[in-house]
Amino acid sequence: MSKKQKKEISENGVYHKKLIKRRKPNRSIWGDFFLYMFLGLMALIMAFPMIYAINSALKPLDELFMFPPKIFAKHPTLDNFSDLFVTMGKSWVTFSRYLFNTVFITVVGTAGHLVVASMGAFVLSKYEFPGNQTFFKIVTVSMMFTGYVTAIPNYLIINALGWVDTYWAIIIPAFASPMGLFLMKQFMEGLPMSLIEAAKIDGANEWKVFMGIVMPNVKPAWMTLIIFSVQGLWNNRAATFIYSEERKTLVFALQQIQGGGIARTGQGAAVLIVVIIVPIITFILSESQVLETMASSGLKD
């Protein structure tokens, strides 16, 4: 290695050290300390309801009625969960049937919602046609109305279609949720048109462009959509449209047990864990994808 090369390497090293020093945050040690303390406090506040719910489900009945209440279980037990399954086993509709109903509604409803929202968002964000903006404005306005406002019109339509007391009364309306379409469209608008045009020049048809280019690049959006959809469908009691006991959801059956009085307080605490466990697991499995930046973030038209 020549002296000239050594000198260049040395100068580059000094430059990078200065650059690193320049990029160092202008914050004192005490500033870092208070920042981490604040973040730790916020994390503790957010985690507290989950910690309390889990410990309540593990408490024996006498600890559940202690005053003042204790956060942590002194003598943790799984009796509340075993009692819950015993109570469910006494029902003339089996636990597995309730579970199948909920899983079927959640899986089919989420998959259909993802497909409909993604395809609709792709057309609205990347193509111009008469009524494009008007249609999207209608979708945006529809997000202002809660389920209580649209309950009667929804029931009349579903009853006219003959879907009352069927799974489709819950699944089909989930396909058309405006939140999913809005979310997917906003993400797809940030996707460079150059990617789509390049794929078409290479001979890709619309379906290949949609599945091979668009969907992989908006993965954070549809993973977020899955989280919201699973949460909504898994916790849907479906009591408005489904009357047959063999078609009722697991959440409805569990909440019936939860309302059984003081003797079932322990089972009610276990019910809460069973109800929230699936949305939490879905979020944990999808978290890395939701936080992932899109591959096309650095491209511009």
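Residues 24 or more positions apart account for 74% of the contacts in the protein with a separation of 6 or more, where a contact means heavy atoms within 4.5 Å. This is a predicted model, in which local features need pLDDT of at least 70 and side-chain atom pairs count only at pLDDT 80 or more, while totals for chains, interfaces and linings use all residues. Residues are numbered from 1 along each chain as its sequence is written, and side-chain values use heavy atoms, with hydrogens and water left out.

**Overall make-up**

- The protein has 14 helices and zero strands; helices (H or I, at least four residues) and strands (E, at least two) are DSSP runs, numbered from the N terminus.
- Of the 301 residues in the protein, 33% are buried. Buried means under 20% relative accessible area, exposed means over 50%, and partly exposed lies in between, with a 1.4 Å probe and protein chains only.

**Helix H2**

- Helix H2 covers residues 29–58, which is 30 residues, and reaches 41 Å from its first C-alpha to its last, close to the 44 Å expected at 1.5 Å a residue. The expected span is 1.5 Å times one less than the number of residues.
- At alanine 47, H2 bends by about 40°, and proline 49 follows within four residues. The bend at a residue is the angle between axes fitted to the seven residues ending there and the seven starting there.
- The buried residues of H2 are Ala53, Asn55, Ser56 and Ala57.

**Packing of H10 and H11**

- Helix H10 (residues 193–201) packs against helix H11 (residues 206–217) at an angle of about 145°, with their axes 10 Å apart. Axes are lines fitted to C-alpha atoms, for helices over the stretch in contact, and angles run from 0 to 180 degrees between N-to-C directions.
- H10 contributes Leu195, Ile196, Ala199 and Lys200 to the contact, and H11 contributes Glu206, Val209, Ile213, Val214 and Asn217.
- Six of the residues in the contact of H10 with H11 are nonpolar, one is polar and two are charged. Here Ala, Val, Leu, Ile, Met, Phe, Trp, Tyr, Cys and Pro count as nonpolar, Asp, Glu, Lys and Arg as charged, and the others, Gly among them, as polar.

**Two threonines in helices**

- Threonine 102 lies in helix H5 (residues 95–126) and counts as buried because its relative accessibility is 1%.
- Not counting residues up to four places away in sequence, threonine 102 touches Trp234, Thr249, Leu250 and Val251.
- Threonine 265 belongs to helix H14 (residues 265–290) and counts as partly exposed because its relative accessibility is 28%.
- Leaving aside neighbours within four places in sequence, threonine 265 is in contact with Leu61, Leu64 and Phe65. Threonine 265 and phenylalanine 65 are 200 residues apart in sequence and 9.2 Å apart in space, C-alpha to C-alpha.

**Backbone features in loops**

- The peptide bond from phenylalanine 67 to proline 68 is cis, with omega near 0°. Proline 68 is found in the loop between helix H3 (61–64) and helix H4 (79–89).
- Aspartate 165, in the loop between helix H7 (147–160) and helix H8 (168–175), has a phi near 65°, a positive value in a residue other than glycine. Aspartate 165 counts as buried because its relative accessible area is 18%.
- Alanine 238 has a positive phi of about 60° although it is not a glycine. Alanine 238 lies in the loop between helix H12 (219–234) and helix H13 (250–258), and is buried, with a relative accessible area of 5%.
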